[in-house]
Amino acid sequence: MNLMAIVKFLFHTCFGLLVVIDCILNGRLSVTIMFGSFFSNFQNFPFLTVMLGLITLRCVFSTTSLSIFTSILILSMLRNILVDVCALLLPSLIDIWISAFICLALVVSIPVGLGLGLIICGLSKFAKSVNVRIIIFSFTVCVIMCICIGFFHGNQVMLISRIVQAYSHSIISTISLIHMCYLLSKFNLKPQSLTLFFVLLISISYPGLKRQLITKFSRFDLVDLSLSSSLVTVVNDRELDVKIMRIDHSIVGGVFNEGFESVFETFYWYELACHVPWMKSTSKLSETHALAVGCGVGIVVDALINRCKFDQVIVIDNNADVLNFASKYFGLSKNASLITTDDLTFIMAQDSNTFELIVHDVFSGSFMRKTYIQELISNCFRILSNNGTLVLNLVSTVEMEVLHNIIQELQSVFKQLKCFCEGGINSVNTGALVNFIFFASKSEEPLQFNIYNNNDQNNYNAAVEIAFSNFISSEIQLTKLKNYERINQRKTEWSIEKAHFKSMRQMLPANFWLLY
């Protein structure tokens, strides 16, 4: 085997690996941003595996490496267009989960299969000139080395992955330009080179044209954006005069630019735990501590510091960008202690009887497993003071098993429990997503909310007073929730994601999700 053939084999192998890594990191991120959490569902992995296997086999037995290489470049460069078409056009024609699967196939499965096929084609050609045992031995050594590097140098591997994630598009565009020149030099391959040229031109100009066209007719202004771990944006809505924060395919909070009042009134409900009589008396006797799990735009944190007068408020969130943007654009109090960490890891590390109040709002109800629920609630109980209160937010349908598991665990651990939801019992319909808010206390005394006295009333604006007035009528008797039939969580995950996808699209127009 000559030197040129070896160089070609090594290049195809490295490029195939680059494509696989790029699709797993950037491709999956692009799909998740547009379709929410459809792809955290375990049912996607068999689909992904089958697609990869079929495409790889097709590449190995009936396609040339040149065709595979060209196909990879075209699909990689058209990724953004494919995601936009699947996310905006197809849901209006076919069911959402079908368009999500099509997007997954075009953006992740097929390119990864082609990348693996390119590597296998190179290996098969290399094996014709070299002893097969040498190939098997070399491959085994490489696999063992990769496992060892990943195990002992995980941080460095993550750093390399982030570099690939950041620069893969530029690398692939450069390779496409070189490959196009190569195809032009071959007389019989000029049509392929012209196709590649037009695809390259479209992929380079598409992001700018999309932004220019949509911004011209849009009511939104992009304030800031980060893609370090997930998509986090801060956007100003000129029509409604509000500023909102988006994480992937969810809106986690927003405020009106005038008055800085919350767009969602239920965020004000959390602070009502401070209006329980014994909580008020405790705050006068000793130093008080509160823990907010999940930051959002900081509405709850602001209330705990400025109106509830906690001496220390710790805010934890697993996304550093959320904490940064909440401080920078939504006036998150500098008196709060901000920590980037996982909720359960932090809670389990705390000493007993540390906090008077815990507010847990991470918008992850449909993904709470039973063991997680048990560990979370038992440890929250442990670190709360004797009369401490847990406020827990859960987005769920009334039939979901996770809702009943949480109710059961809260009742078995805490002495007092009440449940509220926006709209009260009338909003609890079969199959409908509902925002449940639980108040659980360690105190022997019944939970009663003295919403405000004359001294408190001076601290509240109109939005807070309206939220408080709707609060008491929104209570739901737990016995009524138990009457609904439980449905296994895995059977409802698709319908939950579908409902969430639709609710977000109803909240804001399609051009918002496409561009911001």
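Guide: Welcome! A salt bridge here is a side-chain nitrogen of Lys or Arg within 4 Å of a carboxyl oxygen of Asp or Glu. This is a predicted model, where local features need pLDDT of at least 70, side-chain atom pairs count only at pLDDT 80 or more, and totals for chains, interfaces and linings use all residues. Side-chain values use heavy atoms, without hydrogens and water, and residues are numbered from 1 along each chain as its sequence is written.

Visitor: What makes D237 and R219 a salt bridge?

Guide: Their side chains meet at 3.0 Å, N to O, and the cut-off is within 4 Å, so the pair counts as a salt bridge. D237 sits in strand β2 and R219 in the loop between α8 and β1, 18 residues apart. Strands (E, at least two residues) and helices (H or I, at least four) are DSSP runs, numbered from the N terminus.

Visitor: Why is D237 called buried?

Guide: Buried means under 20% relative accessible area, exposed over 50%, and partly exposed in between (1.4 Å probe, protein chains only). D237 has 0%, so it is buried.

Visitor: What does the pair E444 and K415 tie together?

Guide: The pair ties together parts that are 29 residues apart in sequence, because E444 lies in the loop between β11 and α16 and K415 in the loop between α15 and β10.
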